[in-house]
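Here is a short report for a reader who is new to this structure. Please look at the model first, then read on.

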Amino acid sequence: MSTGIEVKVRNRDDSYSAWAEQRRNLITNPLGATASASTGYISINSATIAFDAPTKGVRVTAPAAGAVDAGTNFANLVTYTTGIETYTVSMDLIGEVADGWRISVQGTWVPVRVDSAYTPVGVGQTVRISLTFTTNATAKGAIYLLRQTAALASRVVIKNVLFEKGSTALPFFDGASADYELLRNEWTSTPNLSPSIQETRTFSPGSEVLKTDTGYTVREESTPVDTTDTTGAAGSMTIELFNSLSRAATKRLSRKTVTLTDRGQGVTVGVAKVPSGSLVSTSLTMDQRTVALSVVRTAQPFSGTLRNYFIYLLGLVGIVDGYVIDPVYTAMTGTFPGWQDEVWLQMKRLLAAKGGEISLASANIIIRPIRGRVTVDKRDTEFSWSMDDSNLAQAIEGYWYENEQRSAGLAYPPGGWNEDVQVYQVDAGETIEFDLPLNASLSSVNQPTALDYVSREYVGPNSVYCVVGSDGLPVPAAQWVDAGGKIQVLIGEDTRSLIVRITGASIDRYAPFRIAATAGPSDNYSSLRLTGTGVFSTKHGPVRLITSADEDQTSVEIGATVDVDFITSLSDLYDAMAWTLSRYGGPRHSISVQTTGINRSGDSGSYAYPTFEDFNEYATSQGWTTFTSFNTAYAGDLFQDFNETWAATVSESFVNQAFGNVAGARTFRDGLWFRLRTTDISPGGLSYAAENDSTVGDFDTWMLAQLAERGLPNTMASFNTLLAERASFSDMSAAPMSLEN
Amino acid sequence: MSKKKTWFGTRGFETWVPTPSISPDYGRVGWSSGEQQFTSGEAGLRESKNAHNTYVLSWGISNSRDAIRLLTDFAEGVYDLRDGINLIYWIDPMARDKNVLSQAMATPSLGSEDAPSLITDADGTGRPKAVATPSNAFRYPARSAQFTQKPTSITYEQYIPIPAGFSAWVGVHGDTAGVMQVQRVNGYTAIGAPVVPTILGLEANLVNTEFSSSASSGIVLGFTSTLANRTFTLYGLVVQILPTGVAPVAQNFISGQGNAGCQFVGKGSKTPYSAVFDRVAFTARLVETGMGL
């Protein structure tokens, strides 16, 4: 038995079989919903035939005191193939003058005349009559609708005429009948002038649901807040499956997309790794969808909003939908160099630098600010804590980057020419190749042009160079080029270097050549100037922050260096270094907790978060199709209001989304705020490990509350009074928001 | 039927077997996280609402070898019509005249949470929406199941054996006619065209359509197909097994007391007492797996 746990494996795309004909209505003007004429219905024995527009049928009026067998012959409408075959004809009759009516098949195509019994049709009644008969192997004869009573001015409207093979009168259809997902109706040619076919197809889902009863474990790690912290892996999960599949089918689960749904914990999506099994069950280990980011890619330099940068980075690994980026990142901008690295690693650095985190919730990749959620501890079943001072250091260092987007900026020499810039030399006809590291990240580079002379001060806009021969004299550019001399430049894979290829001119008497300009017999300087478009960086630092640990406590002088491209101001650097400092300046506090749930309400033990599907459904109902309309609807509201509104809509519903929302949440214990870093979620609850995450802001909030509670003024004297028992700041940092001794 | 006989067997091969001894052990077992003791002093528990039946049945010393062999043959697959799992169906005398459907079938709204849904999308996902049952005086389930059935939906059906001389009375309670049907079967072979029971509302008449045991081993209660998406609500389903000729009684709604088909856990345990006096005892454990497969 499960508790609403479903494991869905996507094997392939959903598919349909080809349409296959199931039925054929051989009447070419069947008088269905789109009929427009009485074509093909022939008067018999002085009956009047007329099309009736309101009913889209054919009115047959037999004369009073006329022949009994007055009516219509519609054999011309039957598309008939000679042969022995059983057919059934049926039609609706709408009575206008009460009488009996019958169908009669006569002529060469039946051995003897075949008549149905007379069927009475009252005024206003709709009656369907039918006749089944078997043909000779001869040509078509006549098929009549005939009235019963000669004395009456019998009148009826014919509708929905069906003539098909078989001995059963089936429901009417023609080419205009309604189509459905697995059934469609078509005319074989001109509508209402050709037979109709009814076709069906079958649906093959690309996914299947596997049986699970022994549960699962989903491990999720929050991304770090310290830019030097490399922990925080993409989530993984292990699912125990009941053996409802063959072993061969189970082995084929590898690399398939798997969706895990637990009505108590939410939805998450992973990619199956390698399954293993026993006689009884199968164990399936998966990586969560975010693992797609754990690949090496080259990112181009970027300048724009952080939202667009996140979209770009997700796109690098093929994630083009199923993500949600918090609106706060729409207003934040940045200019960053390109790089070649693991996308997940760079994403973590970027998020740590910008106070964000990434997770997977409701199958969506979520990028949002940190510290958005707070846990409760009322369902704890186990708790332990520890302090670790093995990472103490006397100081940490950091750098920040002043990044600027430039077009045709001077990439080489970095910062412009100086006396230390190397002069490259090449022999006649020789090709040399070397890398030039840059202080820029280029998306394009201008190929250098040979000039007769390049000044020391030249900074662009073109890439240029000039050449000096072995005699110390300039080599004219035209002569150099004519003799095959050239320089080609490529952007390195990391976008932060140039690959330079120099081919010397085939003029032996002036070789070797130097890529230089001459200002005198012994005064040569490098003439190579390379320009391009991209992000140009100026590195500032190091900035050193001293920790509270002295050399008696640790011999480590520099514990960590904050050096991240995404830190683009001194202010950002100090913010980032504060987190690093807290991890190297004193013992690291951590806790481990087992609980059945950390949510604030409900009984399922998990967060109740609305899904975007919920919102989309509501937004569609409200006609909100653009962000403008959304903004109008929520004008004046904080995002928090929006969140709370939507949380309220689902607090009682199925969507309890623990997956993706637990890791990164905060919990307050023993005078410290902790942030959940590693969580293991299972059907019965979760366990987590959390690290100290207390901020100065947290302390301010707490301290102001303490002062207000005691009626003390907001002064340092009050501060000292409250914390008089603390011998040192070190004591205080052990449990800053606790007055407990 | 003798009061000492129970209708029991694999599909199409059901027969009268000796009724188990008194005081069998009937269990309802669901998933449970186990009782969690919080550091706050409180406690927590997570469990499935749905459950399956387990039966520990014993046949005492008064039974003959031939009578017990009927049971052991079923346990050992002698009367399996198909490869793989062949469920054991038996009409529990305790449920027979109440509602022989499994609880998850009889109360479709349970499928909105953890019980198997009677209708899923083609990929096996999708559940009904639980909606409040309109006010009534007959104690129908508090919530009903609002299904959206698509042309590609997978629908669940439940086989109910009909003992010889008995009739199955079916009642489909909902807001839309024509959504469920009953197919008479002999084993797995359909007999005749499906019958669509007249829909019943929230009323004391729990059942309204009778199917006798004539020429069939039982009935299959399932859903009619649809060409277009359709939405309907089911309040509850009832099937009662009554002696043919006995009319059903109007009463309050009765939830599912039966099972969806069982499997023997192991092959049972036989105690041969006396060959001379032809006396054998037998004990077996059955677990309901019919809706879990």
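## Terms and ground rules

A residue is buried under 20% relative accessible area, exposed over 50%, and partly exposed in between (1.4 Å probe, protein chains only). By that scale A:R155 is partly exposed, because its relative accessible area is 29%.

This is a predicted model, in which local features need pLDDT of at least 70, side-chain atom pairs count only at pLDDT 80 or more, and totals for chains, interfaces and linings use all residues. Residues are numbered from 1 along each chain as its sequence is written, chains are lettered from A and ligands numbered from 1 in the order in which they are written, and side-chain values use heavy atoms, with hydrogens and water left out.

## Where chain A meets chain B

Contact here means heavy atoms within 4.5 Å. By that rule, 29 residues of chain A touch 29 residues of chain B. The two chains bury about 2400 Å² between them. Of this area, 59% is on carbon and sulfur atoms. Buried area is the accessible area (1.4 Å probe) that two parts lose on being put together, summed over both.

How many salt bridges join chain A and chain B? The count is 1. A salt bridge needs a side-chain nitrogen of Lys or Arg within 4 Å of a carboxyl oxygen of Asp or Glu. A:D262 pairs with B:R46 in this way, and their closest N and O atoms are 2.7 Å apart.

On the side of chain A that touches chain B, the elements giving two or more residues are β1 (5-10), β18 (207-210) and β31 (380-388) of chain A. Strands are DSSP runs of E, at least two residues long; helices are runs of H or I, at least four; both are numbered from the N terminus. β18(A) gives the most to this side, with 3 residues. The residues of this side divide into 8 nonpolar, 9 polar and 12 charged. Ala, Val, Leu, Ile, Met, Phe, Trp, Tyr, Cys and Pro count as nonpolar; Asp, Glu, Lys and Arg count as charged; the others, Gly among them, count as polar.

## Salt bridges within chain A

Over all chains, the count comes to 43 salt bridges. One of them joins A:R23 and A:E164, at 2.6 Å from N to O. A:R23 sits in strand β3 (residues 20-25) of chain A and A:E164 in strand β14 (residues 155-165) of chain A, so the pair ties together parts 141 residues apart in sequence. Both A:R23 and A:E164 are buried.

A:R155 and A:E96 form another salt bridge, with closest N and O atoms 2.8 Å apart. A:R155 is in strand β14 of chain A, and A:E96 is in strand β8 (residues 86-97) of chain A, 59 residues apart. A:E96 is partly exposed, at 23% relative accessibility. A network of salt bridges also links A:D226, A:D229, A:R583, A:R677 and A:E691.

## A buried leucine, and the cysteines

Is A:L350 buried or exposed? A:L350 is buried, because its relative accessible area is 0%. A:L350 lies in helix α4 (residues 343-354) of chain A. Beyond its neighbours within four places in sequence, A:L350 contacts A:L306, A:Y309, A:F310, A:L313, A:F336 and A:F566.

A search of the whole structure finds 0 disulfides over all chains. A disulfide is a pair of cysteine sulfur atoms within 2.5 Å. A:C466 is buried at 1% relative accessible area, and B:C262 is buried at 0%.
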